[in-house]
Amino acid sequence: MDGNGTQHTPGTTVLVVDDVAASRYAMGAVLSRAGHQVVPVASGGEALVELDVRLRDGTLPDVALVDVGLPDMSGFELCRRLRALPPMAALPVVHFSAAATAPGDRCRGLDAGGDAYLTVPAEPLEIQAVVRAAVRGARRTTGAETVVHRLTLLSEAIITVQTARCPRELATAAAEGTARLTGSPAVVFVIAPDGEPYQGTARSRPAPADDGAHQAAARLAARLAEGRTGVHGTVVPAPLWPAGIFRPGVEEDALLTVATAQDGRTAVCLATPVRRAAITGPADDGLLARLAQAAALAAEPLLRYQVERHVALTLQHSFLPRPHKLPHLPGVDIEVRYVPASRQTEIGGDFYAALRTGDGVLTAVGDVVGHSLDAATVMVEIRHALRAYCVDESDPVVLAARLDRMLQRYHPDITATVCLALVDPGSGRVKIANAGHIPPLILRDGGGAQYVDACGPLLGLGLERTPPTEHHLSPTDRLLMVTDGLIETRGIPLETSLEQLRTAAADAPTALDTLCDVLLGCFGHDREDDIAMLALRLGPV
């Protein structure tokens, strides 16, 4: 403030547009004495050129004082042109004129987008006050727009984080949101309860591939999160923060925003470069803390699901025999495949089985409805129950009825689908019972393929079973049984997918192992459900 209590705006740059040199000098002298930097130009054209150069340099003035009567265009027209250019639309404009001013002229200036109107000569204090008022108004408007923009960026980042399908995808989404909020490189670490870090970087600002530096940074983030709750920020000086994390070969201080989830063990760390001399700034307004907290809350169930998924996969791998460990079944050749759903999808209850019975070979492919550890557990029970039942029973319809009663008794809220096929290797006769499952395909020698007309209600509903369907396999025929995870695609009717499978199977190679691999190659990419597959042909008895 000066001796009169007037507040100055230090560092303000003022563009003075006036074709009269003496007037430019006088106006510039008044503003310079008040501490402003003055940029004088003599016409509207010169003003546009000067502003264009300063826009590229990032040094636009804070306010423009524009004479109404310029030689090449009026001050009103210059103002309209500035308002039509988005980068300069927020520049405050004060019109002035030494001529007698009518109320209509003042209205024209305001209608053109001007912020104020001066009649010169004017008292220096009045000129300075008008400039200060114009700058304050522009800064208030710009500040409000900036806050709204940053809140929008935060909302978009939180939505992306909450829809992430795995911890690594969540870390990447949080890193991109952090980079947009701060305008700087960003690295995010999601720390699992077992200490395993998942790292994400903004795609627009990729971090260098230095695994050692990233591992060191992740260990530091994990230590900072130990024993803490809530959200806290820490500045780590460059000597303690691994070089090259944000920019190749550059040592930088790091601002770490660490949030711990409700379980007290899952943590998220947002890391951005920061200058210790300017720690407080646009990023230090609580938005990063909100993003970190949202990421931690979203990470907790994702990591918990990942543990559950691992347990379910272990169950399935433990109880589904691998292809090379299938029991020897005289009279048939069998190939099986099991492919778990993509890592972003819940595990299901798909299974296959190949068992010797008193009347031949029993094959089964089924799927417990639902996706969870419970589904995988029930799958194991169904498979073991089937093994026990077929010790003294071979009829697939009777076996389906027993499985149905078992589910009703022990798992009344769960249903399952299964297709059972009893093959007599000596005669080639096949009896098929279907409980709500995709019917099997019989692939004939020469390229034909046909679905078996076999249907029936799901297991677990207690409905009456339909009689079995009987077919005959020749030595060159193949029987293919699959779960719907192989073909079911969101948005595509099941009938279309079934026909695509039938066509592909008809044209596939005759060898069972190649048949399975070709079909998986055609349909088995990034599926939302597990895939179980069994292919059979008659062999030496």
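By the distance rule applied to cysteine sulfur atoms, the count of disulfides comes to zero, and the model in view is a predicted one.

Visitor: Which cysteines count as buried, and at what relative accessibility?

Guide: The general idea is that a residue counts as buried when its relative accessible area is under 20%. Here Cys79 counts as buried because its relative accessibility is 1%, and Cys390, with a relative accessible area of 4%, is buried as well.

Visitor: Turning to the sheets, what is the order of the strands in the sheet with parallel pairing?

Guide: Two strands are taken as paired if at least two bridges are found between them. In this structure the sheet with parallel pairing is open and has five strands, in the order 2-1-3-4-5. Strand 2 (37–41) and strand 5 (116–119) each have a single partner strand, so they stand at the edges and one side of each is left without a neighbour in the sheet. With direction ignored, neighbouring strands of this sheet are turned against each other by 20° on average.

Visitor: How many bridges pair strand 4 with strand 5?

Guide: Strand 4, which covers residues 93–97, pairs with strand 5 in the parallel sense over four bridges, and the bridge partner of Val94 in strand 5 is Ala116.

Visitor: Which strands do helix 1 and helix 3 lie across?

Guide: An angle here is taken between N-to-C directions and runs from 0 to 180 degrees. Helix 1 (residues 21–33) lies across strand 1 (13–17), strand 2, strand 3 (63–67) and strand 4, and runs at about 170° to strand 2. Helix 3 (residues 75–83) lies across strand 1, strand 3, strand 4 and strand 5, running at about 175° to strand 4.

Visitor: What joins strand 6 to strand 7, and which helix lies across both?

Guide: Strand 6 (residues 187–191) and strand 7 run antiparallel and are joined by five bridges, and Phe189 stands opposite Gln199 in strand 7.

Definitions and conventions. Residues are numbered from 1 along each chain as its sequence is written. This is a predicted model: local features need pLDDT of at least 70, side-chain atom pairs count only at pLDDT 80 or more; totals for chains, interfaces and linings use all residues. Side-chain values use heavy atoms; hydrogens and water are left out. Helices (H or I, at least four residues) and strands (E, at least two) are DSSP runs, numbered from the N terminus. Contact means heavy atoms within 4.5 Å. A disulfide is a pair of cysteine sulfur atoms within 2.5 Å. Buried means under 20% relative accessible area, exposed over 50%, partly exposed in between (1.4 Å probe, protein chains only).
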